[in-house]
Amino acid sequence: MKKSAAVLLGGVLVLSTAACGSGSTTEPGGKVTININGQPPQTQAFDRKVFDEDVAEFEKQNQNIDLVPHEGFMDPKTFSAKLAGGQLEDVFYVYFTDPAALIARKQAADLTDYVKDVPHYGDLKQELKDVFTVDGKVYGLPTANYTMGLLYSRTNFTKAGLNPDQPPKTWDEVRTAAKKLKDAGVTGFAEYSKSNQGGWHFTTWMKSVGGDIARKDGDTYKADFNNDKGKEVLRRLKEMRWDDNSMGEKQLLEIGDVQNMMGAGQLGMYLAAPDNVAAIVNQFKGKYDDYGLAAIPDQKGTLLGGEGYMINPKATPDKIKAGLKWIQWKYLNPDRLEGNLQKYKDRGQPVGLPIPPIADIWTGEPRKQQEDLKSKYATMPVKNFQAYVDGSEKTKGSLEPPQAQQVYAILDTVVQAVLTNKDADHAALLKDAETKVNAVLAQVK
C-alpha cells in the first residue's frame, strides 16, 4: 500500500551492506542504529521526499539514533527467510492481515512493557490496537486504516434528481437511487467480480448487513456465508442487476474498470475506500468537487483494512525503544499534524480526504484536533466526505477472513454467476462455495 527504501539523508549511507536485524545494539558513540522499512520508491517522488525529510529531521532531534531506511513492504513469501537470515529490518511495515500469523509464529517483538511510554497510545482507536494485541500483549502499532464506504457521483446525483448532500444510508435507498440514475442515462451501481475483487466486495456486503465470511469454531475457522445474510446479498445484487437493470450490461469488472467509469461520468455509485477518490482524480481526470463518500449502507458492519509497524523479535531493548520512538514521531504524532498539512498544501497536494496525512486512527482530543485542522487546510470540499467520516465512528469494522485471497477467488465465482446469469441458483452457489472455502480454512493453523 505504501512506502520504503534506502536513503542518503543525515549521513545514513550504510544501508546496502548493513545486516538489517542483527549487529550490535549501539555504536561506539552511544548511538542506536535501527533499520526501518516503509520508504516510498523513487517513482513516488512527493512521498519519498517527505519520508526522507522526516528521517533527517528525526535524526536531528534524536542525535542518539541513526535510521537506515529501506524500500519494501511485507512480503509473506520472503519474510520468514529474511528473519532467519538476519536480513529483516528492526522496524517493519505490515498490513492488518499480517499481525495475527506473525504473532502466532513468534515473529514479532512483544512490546507490552514499552507501549505505556508511547505518547498518545491511549488515544488510538481500540479496534485498531486490537489488530496487534493477543492475550493482552501488544506486538505493534497501527498507523493508518480504512473502512469501506459508498463512493458516489454528486454530478450524476444532481442529474438524476437526487440530493447529493443526502446520500443513501441503506441498501434499499441504494437500489432506489440506482434506478433513478439509470433513468438519467448512467449506470446506477457497479460491482467488481473478478481478480479476487468480487470476493473482496462480497465480504464487504456481508459485513454491511451484519454477516461475515468466516467464524472461529474452536481452534479452526468455518465458512459463515451460506445463510440468510449471504442470500440477502445475492438477492440484492440480482434485483439491481436483472430486475432493475441499474448495473448495466457489462459485467466481470474490476477496480480499474469501475474507477474509469466514475472518472468518465458514466457511473452513479460503488463501494470503495477513501483512496479511490484520489485515484479517480489523479488517474482519470476527475474533480474532487464531483464526488461524495458516504458510510457503508445499513452500517451493521464494514470491512476494515490498514497498516502499521511491528518490531523484529531479535531486536534489543534499545532498538525497540528507538523503533517505537520513530514510529510514534513519524506516524502517530498529533503535534506534527498541522505542519504536515501545511507542507502538503504548500506543495500542491490534496488535503481533506480521510487518508494520510489525516489517517482515521484517533479518538478523543487528537481526533477533534485533526478534524479542525483538516477543515482549516482543506483543498477540497470536506463536507462531501463527512458522511463517511461520521459513519465510520458508528460502524464496527472487522478484518478480512483468514486465507483471504484464496477465499476471495472462490467467492468471485459466486458474484460472477449472479451478475451474468439471471437464473443463477443462489442456494447452490453458496453451498458449493461453502464447501470449497471450508477446505481452504482447514489449512489455517
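A salt bridge is taken here as a side-chain nitrogen of Lys or Arg lying within 4 Å of a carboxyl oxygen of Asp or Glu. The structure is a predicted model, in which local features need pLDDT of at least 70 and side-chain atom pairs count only at pLDDT 80 or more, whereas totals for chains, interfaces and linings use all residues. Residues are numbered from 1 along each chain as its sequence is written, and side-chain values use heavy atoms, with hydrogens and water left out.

A search of the whole structure returned 31 salt bridges. One of them is formed by arginine 347 and glutamate 53, whose closest N and O atoms are 3.1 Å apart. This pair links distant parts of the chain, 294 residues apart, since glutamate 53 is placed in helix 1 (residues 45–61) and arginine 347 in the loop between helix 13 (337–346) and helix 14 (364–377); helices (H or I, at least four residues) and strands (E, at least two) are DSSP runs, numbered from the N terminus. With a relative accessible area of 35%, arginine 347 is partly exposed, and glutamate 53, at 24%, is also partly exposed, where buried means under 20% relative accessible area, exposed over 50% and partly exposed in between (1.4 Å probe, protein chains only). Both residues belong to a network of salt bridges in which Lys49, Glu53, Lys343 and Arg347 are linked.

A further salt bridge, with an N to O distance of 3.8 Å, joins the side chains of glutamate 254 and lysine 194. Because glutamate 254 lies in the loop between helix 9 (228–243) and helix 10 (255–263), and lysine 194 in the loop between strand 8 (187–189) and helix 8 (197–208), the pair ties together parts that are 60 residues apart in sequence. Glutamate 254 is partly exposed at 24% relative accessible area, and lysine 194 is partly exposed at 32%.

The side chains of glutamate 338 and lysine 376 likewise meet in a salt bridge, at 2.9 Å from N to O. Glutamate 338 has a relative accessible area of 31% and is partly exposed, whereas lysine 376, at 52%, counts as exposed.

Strand 3 (residues 91–95) has 4 of its 5 residues buried, and is therefore largely enclosed by the rest of the structure. Strand 3 runs antiparallel to strand 13 (residues 302–311), to which 5 bridges join it, strands being counted as paired if DSSP finds at least two bridges between them. Within this pairing, tyrosine 93 stands opposite tyrosine 309 of strand 13.
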